[in-house]
Amino acid sequence: MGAGRDLYGLRKDGTEFPVEIGLNPAETPQGLMTLSVIIDISERKRAQEALATQTRDLQRSNAELEQFAYVAAHDLQEPLRMVASYTELLSQRYKGKLDEKADKYIHYAVDGAKRMQRLINDLLAYSRVTSQGKPLQPTQSAAVVANVIETMHRRIEETGTEVVCGVLPTVNADQVQLAQLLQNLIGNAIKFRSERSPRIRIDSREQGSEWVFSVTDNGVGIDMQYAERVFQMFQRLHERGKYEGNGIGLAIAKRIVERHHGRIWLESEPGKGTTFYFTLPRLGELPGRRFVARDDAAISSVA
Amino acid sequence: MKAIHVLLVEDNPADADLTRETLEAGKLHIDLSVAIDGEQALQMLKASYAAGTKPDLILLDLNLPRKGGRQILAEIKADENLRHIPVVILTSSDAERDVAQSYTLGANCYITKPVDLRAFQSIVAAVEDFWFGVVKLPVTGHGEPARADP
């Protein structure tokens with residue numbers, strides 16, 4: 001009773017309090033009567049309102065951060081283009097014509113500008129995971145993997161990489177982002193290869209209400225003490241210049257996985273290779289919920 | 001043979017200089033005029049029409065103060081004395097929507113300014129080669145087609 005309306009009770013002292021009223025038929029010797037139960041839900045209401053306020057605040061804060069990140073990265077592009085272009089022009093016009101120090105200064109300036117550009121592009125890519133994310137839809141992960149491998153076929157051939165796939169399921173995903181995720185993991189597997197011929201295996205298995213995907217390589221491996229750090233923005237485990245890239249690929253991968261309601265982690269041994277695992281909810285499953293009662297009309301859920 | 005006359009509509013002087021430098025470093029002799037906003041561009045175009053010195057090509061940035069680039073594009077293509085001049089959109093945006101809208105409004109082609117200077121330099125060279133080497137341009141005010149000096 002009272003669904004969609006707020007009901008209030010009145011205490012003897014005149015104060016009001018929110019109530020929930022349940023009405024049930026009751027068979028009594030005197031005939032059919034109504035049993036009414038009146039519950040003081042003040043506490044429950046307080047908790048609900050606090051939660052709603054917190055959710056609103058978080059959503060607004062999130063939206064503001066998104067916008068900040070996007071605007072910052074976007075508006076930085078133009079002045080950066082000026083710096084990059086004019087230092088490059090200086091280099092083209094005056095290299096070798098001034099003294100050695102000038103050449104060096106110009107070189108560092110040009111290099112700095114280029115790195116700034118890459119950083120900003122990476123930041124934009126990171127913020128686009130949410131700003132350009134599309135709704136999740138049933139997607140054949142096998143087809144996505146096949147496409148990614150096709151896209152990367154030149155690099156795969158050049159490096160003599162062998163890619164093997166197990167059976168891969170249909171999942172709820174943003175197809176473009178799933179492709180980005182896989183391209184990142186496969187790309188890393190190739191990039192961080194050892195002297196051995198790179199071999200990559202992509203597999204999946206069911207685990208409860210999730211699919212656990214794995215991307216396994218026989219590359220240089222990762223020291224497990226850094227297993228969490230690798231997913232942070234701009235964290236590098238090797239000296240700058242040893243491997244290309246800024247260190248944002250895995251941060252983006254993590255963001256994509258989390259947008260898909262999954263988790264990502266790794267297991268590795270230096271010198272042996274690495275396996276990256278990520279989960280995606282099974283089709284039709286809502287993440288983190290177990291259903292205790294099901295019928296055609298309604299579903300009760302217990303978190 | 002007349003020199004080639006190009007009108008650049010660009011509000012950022014550093015950007016305009018970059019384009020000028022790059023054009024000057026090219027093979028062709030190009031007379032570059034610069035308008036710093038849409039209004040000035042239209043004034044210069046109308047004046048040039050009266051004087052018989054219309055540009056052979058317009059390079060148009062979309063990101064202009066006051067009257068935006070799209071509006072200028074629309075007005076140029078609506079003006080029967082100006083609509084024959086090829087308009088090359090030269091802008092930093094690579095948004096699908098901007099590209100589509102520009103072509104719909106009658107732009108002759110759309111170029112996204114690359115971040116990298118060398119890429120920009122090869123694009124400018126490509127524009128020169130294409131518009132003044134490959135394609136035929138309409139006859140200009142003096143009844144003589146603009147032609148690239150070899």
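Reader: With which residue does Glu258(A) form a salt bridge, and how far apart are the closest N and O atoms?

Author: A salt bridge here is a side-chain nitrogen of Lys or Arg within 4 Å of a carboxyl oxygen of Asp or Glu. In this predicted model, Glu258(A) forms one with Lys254(A), the closest N and O atoms being 3.5 Å apart. Local features need pLDDT of at least 70 and side-chain atom pairs count only at pLDDT 80 or more, while totals for chains, interfaces and linings use all residues, and side-chain values use heavy atoms, with hydrogens and water left out. Residues are numbered from 1 along each chain as its sequence is written, and chains are lettered from A and ligands numbered from 1 in the order in which they are written.

Reader: Where do Glu258(A) and Lys254(A) lie relative to each other, and is Glu258(A) buried or partly exposed?

Author: Helices (H or I, at least four residues) and strands (E, at least two) are DSSP runs, numbered from the N terminus. Glu258(A) and Lys254(A) are four residues apart in helix H6 of chain A, so about one helical turn separates them. For accessibility, buried means under 20% relative accessible area, exposed over 50%, and partly exposed in between (1.4 Å probe, protein chains only). Glu258(A), with a relative accessible area of 45%, is partly exposed, and Lys254(A), at 31%, is partly exposed too.

Reader: How many salt bridges does the structure hold over all chains, and which residue of chain A does Arg118(B) meet in one?

Author: Over all chains there are 23 salt bridges. The side chain of Arg118(B) meets that of Glu88(A), with 2.9 Å from N to O. Arg118(B) belongs to helix H5 of chain B and Glu88(A) to helix H1 (residues 42-94) of chain A, so this pair joins two chains. Glu88(A) counts as buried, at 3% relative accessibility. A pair within chain B is Lys67(B) with Glu75(B), whose closest N and O atoms are 3.1 Å apart; Lys67(B) is partly exposed at 22% relative accessibility, and Glu75(B) is partly exposed at 26%. Through shared partners, salt bridges also join Arg81(A), Glu10(B), Asp15(B) and Lys113(B) into one network.

Reader: How many residues of chain B are in contact with chain A, and what area do the two chains bury between them?

Author: The size of an interface is often given as the accessible area lost when the parts come together. Contact means heavy atoms within 4.5 Å, and buried area is the accessible area (1.4 Å probe) that two parts lose on being put together, summed over both. By the contact rule, 13 residues of chain B touch 11 residues of chain A. Chain B and chain A bury about 1,100 Å² between them, 51% of it on carbon and sulfur atoms. Leu18(B), Val115(B) and Leu117(B) supply 44% of the area that chain B buries against chain A, more than any other three residues.

Reader: How many salt bridges are counted between chain B and chain A, and which elements give two or more residues to the side of chain B that touches chain A?

Author: The count between the two chains is three salt bridges, and Arg93(A) forms a salt bridge with Glu21(B), the closest N and O atoms being 2.8 Å apart. Helix H1 (13-24) and helix H5 (117-134) of chain B are the elements that give two or more residues to this side, with the largest share, five residues, coming from H1(B).

Reader: Which residues touch the most other members of the largest nonpolar core?

Author: A nonpolar core is a set of buried Ala, Val, Leu, Ile, Met, Phe, Trp, Tyr and Cys residues joined through side-chain atoms within 4.5 Å. The largest one has 37 residues, of which Leu178(A), Leu181(A) and Phe278(A) touch the most other members. Several elements of chain A each supply at least two residues of this core, including helix H3 (141-151), helix H5 (175-191) and strand E10 (273-281), and H5(A) gives the most, with seven residues. Not counting residues up to four places away in sequence, Phe278(A) touches residues including Leu181(A), Trp211(A), Phe213(A) and Ile264(A). Apart from this core lies another, of 24 residues, among them Ala16(B), Leu90(B), Val124(B) and Val127(B).
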